[in-house]
Amino acid sequence: MSSHHDLPHDSRQDPHRDSRQHARLIALILLAVLLFCPPLLVVIDGLPGMASLALYLFGAWALVIGLGAWLMERSATH
Amino acid sequence: MRTDPIILTAAFGYLALLFLVAAWGDRRAEAGRTVIGSPTVYALSIAVYCTAWTFYGSVGRAAEHGPSFLLIYLGPTLAMLTAPFLLRKMVRIAARERITSIADFISARYGKSTGLGALVALMALITITPYIALQLKAITVSHAILINYPDSADTTLTNESFWMDKSFWVALVLAVFIILFGTRHLDASERHEGMVAAIALESLVKLAAFLAVGLFVVFGLFAGPGDLFRQVALTPELSDLMSLESVPGGVTGWVGMLVLAFLAFITLPRQFQVLVVENVDERHLKRASWLFPLYMLLINLFVIPIALAGLLLGEAAGNPDSFVLTLPLLAGTEALPVFVFIGGLSAATGMVIVETIALSTMVSNQLVMPLLLRLKHLHVSYQGRLAGWLLGIRRISILLILLLGYLYHALIGDSYSLVTIGLVSFAGAAQLAPALLLGLYWRGATRQGATLGLIAGFAVWGYTLLLPGFAQSGWLSATLLSDGPWGIGWLTPYALFGLNGWDIYTHSLLWSMLANVGLLVGVSLFTRPTPLEQTQAALFTQALHPNLQTTSLWRGQTTQGELSELLKRYLGAAATKRVFANAPHHDDATDEPASTELITRAEQALAGSLGSASARVLINSVVRGEALDLESILSILDTTSQTLEYNRELEQKSQELARIGEELRAANERLRELDRLKDEFVAMVSHELRTPLTSIRAFAEILRDGNEMPDEKRQHFLGVIVHESQRLSRLIEEILDLARLESGRLTLNPETLDLAELARHSVDAISRLQENRGVALEVTLDAEPAMIVGDSDRLEQVIINLLDNAGKFADRDNPQVLLRLYKHKKHFRLSVEDNGPGISAEERERVFEKFHQIEQSSDSATRGRPKGSGLGLPISRGIVAHLGGRLWADEGTTLGGACLIMELPNAPETERD
């Protein structure tokens, strides 16, 4: 029985992996929207320091790009 | 160094370099060694998004409105993240339908409608001309600043006639460039590889120029970012600049701008051109989806420092829109301003090149071509020359578009700042988004809905953004903005229906999108699409369906001759040959019916050159019959998906069956094994029982018949009978034990006891027997007391059995047996070892099988019968297992013979007390 599970099923696992990949991407898009939108921005804007909002925006942007690169390149090599 | 000849040489030298790169790219493409087959080049070509507006305008916007300039780039970042869903779908459709522009795309989606294509082309033309004007303006202004600094740039600009105007000449040079590299093939859906290579290079140049000026400002003018920000902190009016307060429209304006940038990024004609039409490979989207956002992040990295530095320096830095240029000039550097000028030039020319190619394709395919097709006599009288005509049309429209841009710049361009023009164009282009995006996902969107939505959205955009622009430049009365038309207050363009306090772009976006989406959805729900519309809708919404690629969509009939005639007339002989290349016997087959694939390929070839609407009209003129209707397409999709579903279910079922079959087979095997064991057992038992019974019976018969037998002989025979009966009863006892063990009915009386004492007791019980056999029994008790939980009688039986066995199998001449008791972790181990021949590794488990007798090749003959029933060890193992312990055989470590080890767990503390 266990040997049955070890058989390679590439053809059937691909769409499965695709849909997981898509779910991760959608989560990333939602995260990006959250990071770039007002509720969070208003909080950051209230922090002391004159460039905190600008620093936050660049940081969040870099984070989103980094995560995106990681997701895309990972799936490209698989 | 800032003399006119040097700057002009640099500028035209740079354009010449672009020519060379583009020519090289095209040459390589013709040789089949493409230079744009890399995802990085693709990502760089998308960076045509960053125009002169980014290059000069971002700093201006940051200086005025704080961090809101970033929204123009955060929106596209979000759009690029959707690449695997949205953009991939668009690329897939464009490749299959040979889409040439966004107008063609929308027209094809809504039933290859000529009217809708023309409408979109017209809208794009109106929206984008100001944007082209903006680029020309940027080139002129930056040139003027470079020449006149430190005088104001405007001093010389105003009084020049147009042939002295640099932007006029720039426009003309660009027109030549675009005509050379943008209209080489008639087939607009084919890649402009040279152009894309040149654009990628331009993207690198503008990035390098901007980074150079940024580094210079931060580390040259100031002592690093720390110093810059310290000085800003000392200036109170600047320290609040980068907060949310300086964003126009506040939180609403922020969200509005983000949405606007997202939509415009997808719908701007030049972005559609590089993203979709020029895409060589769908997989490039993956890399581009993060590399292009990274590019945008880098080119914006120094915007805030430059803006703050410029504001700190005050008057001397001049207009914020030109800080990028004036700051290096202010510091007195010579080469850097020229490099910055080249960077700005490259940003502007890149945009103008791609945008003009996209617009000219739209104009020729969506506006001019449908009109030409209406003129019936063209069909007959201009055979074969129409192909040339089309290229001519495209070239003329390139020239006209650039002149239009120049006119706009010359007449009203001065009244707007850079960013304003750009955002007005953005909002106009965004009007295409509902028809495009809803059309991709909602099959119910109809042509009427899309048309009315587009017109309404465009009208609202014109009223709320374009018209006020005219009013500001003095073409209309300024009271329009303050009091509304004819004094009607609620019609004021910037505060429609009294919606006050929003920034003008979000305001315009809200009302135009409300009208646009509202009409698109509302009208679509109440109109009936034509069959062709339904077909196209299904093809677009299901574009990623795996079975769609291979399906041929024509069912009509025509001859190869007619088809080839048609293609020759519009595309020329060479292109026709390419289409017919795969057709069987194409030389003399003019009367043969054309296959459906051939018709599809012919339509695609026509669509790639003339746009899908015109191609459809032309194909319809020779093909009798219809393209597949909606129902057939849906049935293709449905049957394939249903078949796939059935296949999947079947596969699951058969796997399940195979699994169950496997289980059944295993169970059957097991049953057979058990049956075999049972038979063996019965045979063994009968055999074992018969042996003593036979001898008892034999001796009893002798006694019965032999009356004159001497007494001592009779005694001996009786002794044998008693001995054999004892053996028999012991055997039966053992069989009963085994039966109880196996059925689980063996009753044990577990109690806490000392294994050491028990061992000693057992040794005492067997010592006389061992002495008789001459066995030297040695006992080593390393653990005393060894408290365990067990049944003393049964355990004694086990130990005696082990000792007895060991005695039997020990060496014949000098038999030795060693009993050891020791502690092992949380267990006690009792081992019995002999100095006999030992048990081979493969035999060790089998000695615990019922009736197993070790084969003793040499000894069996001399020793006669096996020395036991063969049930002792299985019973012992059963008992020990019942008490939670283990019994196994191992190699003897001390005496070298067999070693049987019994292991029992240490008794828990509570039970010991």
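Because R727(B) and E724(B) lie 3 residues apart in helix α32 of chain B, about one helical turn separates them. As this is a predicted model, local features require pLDDT of at least 70 and side-chain atom pairs pLDDT 80 or more, whereas totals for chains, interfaces and linings use all residues. Residues are numbered from 1 along each chain as its sequence is written, chains are lettered from A and ligands numbered from 1 in the order in which they are written, and side-chain values use heavy atoms, without hydrogens and water.

Over all chains, 23 salt bridges are found. One of them joins R676(B) to E680(B), with the closest N and O atoms 2.6 Å apart. Both residues belong to helix α31 (residues 630–705) of chain B, where 4 residues, about one turn of the helix, separate them. R676(B) is partly exposed at a relative accessible area of 39%, and E680(B) is likewise partly exposed at 36%. A further salt bridge pairs R773(B) with D804(B) at 3.0 Å between the closest N and O atoms. This pair links distant parts of the chain, R773(B) lying in helix α33 (residues 755–773) and D804(B) in helix α34 of chain B, 31 residues apart. R773(B) is partly exposed, at 33% relative accessibility, whereas D804(B) is buried, at 18%.

The secondary structure of chain B comprises 37 helices and 7 strands, taken as DSSP runs numbered from the N terminus (helices: H or I, at least four residues; strands: E, at least two). Of its 913 residues, 54% are buried. Helix α36 (residues 872–882) of chain B is mostly covered, with 8 of its 11 residues buried. These buried residues pack against α32 (711–743), α34 (792–809), β6 (886–891) and β7 (898–905) of chain B, contact meaning heavy atoms within 4.5 Å. Just after α36(B), G884(B) adopts a positive phi of about 85°.

The largest nonpolar core has 198 residues, of which F36(A), W61(A), Y49(B), M90(B) and F426(B) touch the most other members. Such a core is a set of buried Ala, Val, Leu, Ile, Met, Phe, Trp, Tyr and Cys residues joined through side-chain atoms within 4.5 Å. Helix α7 (residues 114–148) of chain B gives the most to this core, with 16 residues. Apart from it lies another core, of 45 residues, including L741(B) and L904(B).

The contact between the chains takes 33 residues from chain A and 37 residues from chain B. The area buried between them is about 3100 Å², of which carbon and sulfur atoms give 80%; buried area is the accessible area (1.4 Å probe) lost by two parts on being put together, summed over both. Across this interface 1 salt bridge is found, between R287(B) and E73(A), with the closest N and O atoms 3.2 Å apart. On the side of chain A that touches chain B, α2 (10–36), α3 (38–45) and α4 (52–77) each supply at least two residues, and α4(A) gives the largest share, 14 residues.

Conventions:
Salt bridge = Lys/Arg side-chain N within 4 Å of Asp/Glu carboxyl O. Buried < 20%, exposed > 50% of the residue type's maximum accessible area, 1.4 Å probe, protein only.
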